[in-house]
Amino acid sequence: MSAIQNQFAALLWQNAKGASPPMLTPALARKLTQRLDGIRLFAHGYTLLTNLTHGRATPWDLLDFAWRHELQGVCLHVLDGGRNSLSGMDDQARQAFGLRAREFGLDLHLEISSTLRPDLDQAVAIALATGSTNIRVYSRYEGLLSEVMARIEADLRYISELADRHGLNFDFEQHEELKSHEIATLLRRINHPRLNALFDFGNMINANEQPLPALQAMAPLIRQVHLKGVRIVPQGKGTGHYGVLQGSAQDDLPGPRMLYELLMLGEDAPQVIAFALEQENHYAAPAFRMSDEADDPFIPYREMSDTVLPPGHTLDSMMAAEHRWLENQLDYMRGLIRELRLLAALVLAEAEQPCKPHALVGDQQ
């Protein structure tokens with residue numbers, strides 16, 4: 001195995017629990033380079049949740065951040081910002097917000113934490129006013145799994161009607177209580193081209209799944225991605241998770257391997273259209289699914305995601321830190337992208353001049 005392949009393998013083996021990395025052949029290096037060059041990074045409102053909740057930042061600030069850092073778009077919950085949120089704006093303000101996004105060359109992807117009809121109808125109205133064509137959804141029902149699945153299926157059929165009526169795309173996120181194969185089953189049952197999946201880097205942990213098998217279960221349906229770091233927290237017969245800085249020593253996820261697998265989805269064109277920087281430092285979520293659960297387990301109700309003020313932080317220090325953590329994640333992701341691109345470039349250069357040695361990533365001056 002060459003030194004370049006060793007370094008590529010070491011990168012993709014991080015927290016990957018023995019999953020063998022692919023050989024970085026010239027053909028694979030060419031495809032990987034194309035996908036890295038075309039990766040679409042988005043800012044995400046949750047990263048500045050405390051700032052948005054307490055009025056220190058507004059959705060307009062997220063647009064400014066994305067533009068200044070040359071990102072491709074923004075993922076924004078319609079409630080982010082309270083009275084300054086998209087749900088709190090009138091149509092004239094929403095139109096102005098959408099215009100600003102387009103002037104900056106940014107795609108605007110909306111998010112809601114529901115599949116209830118009133119919430120869906122409001123999200124559609126906001127999408128039409130802002131010019132957004134993408135809405136993230138997830139359900140928060142309580143009951144036996146079979147009952148929850150039936151309710152979600154009915155909601156997804158209504159969503160598919162909205163998609164056709166308004167030319168919108170909807171992506172259902174795996175959000176801690178449903179397993180990836182259950183979501184894939186629902187989406188395949190509906191089988192609508194405008195209804196797909198959003199893959200979150202850490203939410204499968206709470207459903208008692210491992211990241212790479214969960215990704216594979218949803219792979220053909222994944223259209224958007226939430227990037228984050230997670231510490232896995234054992235809880236009885238299940239696992240919860242605690243948000244940490246992505247790529248830090250506390251991050252238990254196989255982040256480089258998941259990024260690689262997601263980038264390579266799609267034969268002729270990238271399947272994933274948005275990789276959102278959703279740093280969730282100090283977010284805590286409990287175990288929802290257990291290894292000894294019944295065949296038709298009870299799914300408890302869950303509130304919308306929130307991050308409580310962690311020990312050692314004041315409100316002011318938390319709001320200041322959120323900006324630093326967002327910058328930290330962007331730096332990490334761009335560093336990872338550079339490392340993968342360099343390894344691919346070295347393989348291609350070696351294929352063209354096989355007798356000439358090449359420096360590895362750590363040898364660059």
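Q: How do the axes of helix H4 and helix H5 lie relative to each other, in distance and angle?
A: In this predicted model, the axes of H4 (residues 59-68) and H5 (residues 91-103) come within 10 Å and cross at roughly 10 degrees.

Q: What makes H4 roughly parallel to H5?
A: Angles under 35 degrees count as roughly parallel. The crossing angle is roughly 10 degrees, so H4 is roughly parallel to H5.

Q: Which residues of H4 and H5 meet?
A: On the H4 side they are Pro59, Trp60, Leu63 and Asp64, and on the H5 side Ala93, Ala96, Phe97, Arg100 and Ala101.

Q: Why is aspartate 61 called partly exposed?
A: Buried means under 20% relative accessible area and exposed means over 50%, with partly exposed in between. Aspartate 61 has 33% relative accessibility, so it counts as partly exposed. This residue lies in helix H4. Its C-alpha atom is separated by 9.9 Å from that of leucine 48, 13 residues apart along the chain.

Q: Which residues of H7 are buried?
A: They are Leu145, Val148, Met149, Ile152, Glu153, Asp155, Leu156, Tyr158, Ile159, Ser160, Leu162 and Ala163. Just after H7 comes glycine 167, with a positive phi of about 65 degrees.

Q: How does the reach of helix H2 compare with the expected value?
A: The twelve residues of H2 (residues 26-37) reach 16 Å from first C-alpha to last, close to the 16 Å expected at 1.5 Å a residue.

Q: Which residues of H2 are buried, and what puts them on the same side of the helix?
A: Leu28, Ala29, Leu32, Thr33, Arg35 and Leu36 are the buried residues of H2. They cover an arc of only 165 degrees around the axis, and therefore they are on the same side of H2. Ala27, Gln34 and Asp37, on the other side of H2, are exposed.

Q: What do the buried residues of H2 pack against?
A: They pack against helix H1 (3-13), helix H10 (255-263) and H11. H1 has buried residues of its own, namely Ile4, Gln5, Gln7, Phe8, Ala9, Leu11 and Leu12. H2, H10 and H11 are among what covers the buried residues of H1.

Q: Why is arginine 257 called buried?
A: The cut-off for buried is under 20% relative accessible area. Arginine 257 is at 8%, so it counts as buried. This residue is found in helix H10. Apart from neighbours within four places in sequence, arginine 257 is in contact with Leu12, Ala19, Ser20, Pro21, Pro22 and Leu212.

Q: What makes asparagine 15 stand out in its phi?
A: Most residues other than glycine have a negative phi. Asparagine 15 is not a glycine, yet its phi is positive, at about 55 degrees. At 38% relative accessibility, asparagine 15 counts as partly exposed.

Q: Where is histidine 282, and what is its phi?
A: Histidine 282 is in the loop between strand S11 (274-277) and strand S12 (284-285). Its phi is positive, at about 80 degrees, although histidine 282 is not a glycine.

Q: How do you know that aspartate 200 is buried?
A: Under 20% relative accessible area counts as buried. Aspartate 200 has 0%, so it is buried. Aspartate 200 is found in strand S7 (residues 195-200). Not counting residues up to four places away in sequence, aspartate 200 touches Glu173, Gln174, His226, Lys228 and Glu278.

Q: Which residues touch the most other members of the largest nonpolar core?
A: Ile135, Phe170, Phe199, Leu262 and Phe275 do, in a core of 97 residues. Helix H11 (residues 315-352) gives the most to this core, with eleven residues. Isoleucine 135, leaving aside neighbours within four places in sequence, is in contact with residues including Leu110, Ile112, Val124, Leu168 and Phe170.

Terms used. Residues numbered from 1 in each chain as written. Predicted model: local features only at pLDDT ≥ 70, side-chain atom pairs only at ≥ 80, totals over all residues. Heavy atoms only, no water. Core = buried A, V, L, I, M, F, W, Y, C linked by side-chain atoms within 4.5 Å. Buried < 20%, exposed > 50% of the residue type's maximum accessible area, 1.4 Å probe, protein only. Helix = DSSP H or I, 4+ residues; strand = E, 2+ residues; numbered from the N terminus. Contact = heavy atoms within 4.5 Å. Expected span 1.5 Å × (residues − 1). Arc of directions from axis to C-beta. Axes fitted to C-alpha atoms, helices over the stretch in contact; angles between N-to-C directions. Parallel < 35°, antiparallel > 145°, perpendicular 65-115°, else oblique.
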